Amino acid sequence: MRWRQPSTGVRVTGWLLGPAPRAWRVVSAGVLVFLAVSTSLRANWGSDNAFVVKAARTLLDGGSPYEDKRFLYPPSAVLMAVPEALLPREVLRWLLPAGISGLLGAGWLAALKLFSVPLCSRLAVGGFAVLALAYKPYVNLVLIGNWTALSAAALPFALLLAHRGRWVAAGVVVGLAIACKPMLVPVGLLFVLARRWRGLAVAVLVPLGASLAGALVMPSPSLFFTKTLPFLFQGQDAYALPWDASPIAVLPRLGVPQPVAVAVAFAGAGAGLWAAWTRWRRPDPEGDGGELRLVETACMVMLAAFLVSRPSFDHYLLVVLPLLLASGVREGSMPRSPWFWLALTPQLALVPWPEELSRKRRAFKDCATLCGLAVLLVRRASRSGRVTLEPVTTAGSPPRTEPECAATPAESASRTAF
């Protein structure tokens, strides 16, 4: 008999899944409160959310929200922004940062629940505080109040419902998120891969119905098609360029011709879609009940969309990052690889960068992280189900019932919920 010592990854995972001390909970809550309060006291808080509030107030005043070219959301978002428009600015100053943090925290808890991680564990309590402190796009998203936080909360909840077989409910969650901001539109491919047509129909009809209702109550809704969509398809303008992390915008700033940059970005997106299809067909590792396949497929679809999205900002990665971090409790997941953490290095708040790179060229770092995560997921999807041979020895006088060599797949096909 030979005793095998648990690997370092197993020991670390076991420690992270242990209950968090009370001091951890106090410190974690203090970190989140500090970030929300400090953001509320800043003069430039809520810059992106201001466009949404302005659009809702314009509607209440009888005007068309799409007269402002900076308002880029569907008509349904105008209706959902009306409650914000009715609140005084000083109230929003304190509610908005706390609300954005709450949405991100809800998405984090849903991602942990998907992988059956105890919500009072060290990973749940300390992991979110570390993410808030060390990951710069978190602070940026809380500062600008962008509705990306809604998608960051909706995607983990939708995947949790899908894993439990409730695909129609998952479609409702995705549809409501799309009605606020059409970021989760690519997730519709996940419903197609799973052949959950009712869930897909709900995810499509909910935002369409809400947008039709919004268009009926506003003047000149056609401006969304004649003014807003062309502005989006052109990648907005020079205002968004310094923050646009899409390869289509970053590569030309490095001297790459625009047609080549577009071809590279779409080639990467095509590879991402192929990887999502391949990953969905590949069985999960032993001990996984389908959660890892569901998460990695959804994240690959979203990253493929971010490669060609114009613009593609740094906080978009918060839609997929909590799910990928939570998947680290599974053997063979992306966070178990040092390359995953290397890809996140450009976004860490503790890494010193030259002043020129930190401000005017921040999009280069964001693009590096986006492409790095996409490449890692494509590489994982391209792995084949190799078969290894392990010797099996038997002892005693009874006839041997096992072969001398037993073929054991490197990643066995465990039964999933799909």
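Student: Which residues of α2 are buried?
Tutor: In this predicted model, S28, V31, L35, A36, T39 and S40 of α2 are buried.

Student: Where do they sit around the axis?
Tutor: They cover an arc of only 165 degrees, which puts them on the same side of α2.

Student: And what is exposed on the other side of α2?
Tutor: There, R22, V26, V27, V33 and F34 are exposed.

Student: How many residues does α2 have, and how far does it reach?
Tutor: Helix α2 runs over residues 22-40, so to speak of its count, 19 residues. From first C-alpha to last, α2 reaches 27 Å. That is close to the 27 Å expected at 1.5 Å a residue.

Student: New topic. What volume does the second largest pocket have?
Tutor: About 620 Å³.

Student: Which residues lie nearest its centre?
Tutor: L16, L123, L325, P335 and W341. The lining of this pocket has 24 residues.

Student: Which element gives the most to that lining?
Tutor: α6, with seven residues.

Student: How does the lining divide into nonpolar, polar and charged?
Tutor: The second largest pocket has 17 nonpolar, five polar and two charged lining residues.

Student: Now R330. Where is it found?
Tutor: R330 is in the loop between α16 (321-326) and α17 (338-344).

Student: Is R330 buried or exposed?
Tutor: Buried, because its relative accessible area is 14% and the cut-off for buried is under 20%.

Student: What does its side chain contact?
Tutor: The side chain of R330 makes a polar contact with the side chain of E291, at 3.5 Å.

Terms used. Residues numbered from 1 in each chain as written. Predicted model: local features only at pLDDT ≥ 70, side-chain atom pairs only at ≥ 80, totals over all residues. Heavy atoms only, no water. Helix = DSSP H or I, 4+ residues; strand = E, 2+ residues; numbered from the N terminus. Buried < 20%, exposed > 50% of the residue type's maximum accessible area, 1.4 Å probe, protein only. Polar contact = N/O pair within 3.5 Å; in protein donor to acceptor, adjacent residues only side chain to side chain. 1 Å grid on protein atoms, 1.4 Å probe; cavity = no way out; pocket = protein on both sides within 12 Å on 5 of 7 lines; lining within 4 Å. Points joined across faces, edges and corners; volume = space filled by probe spheres on them. Nonpolar A, V, L, I, M, F, W, Y, C, P; charged D, E, K, R; others polar. Expected span 1.5 Å × (residues − 1). Arc of directions from axis to C-beta.
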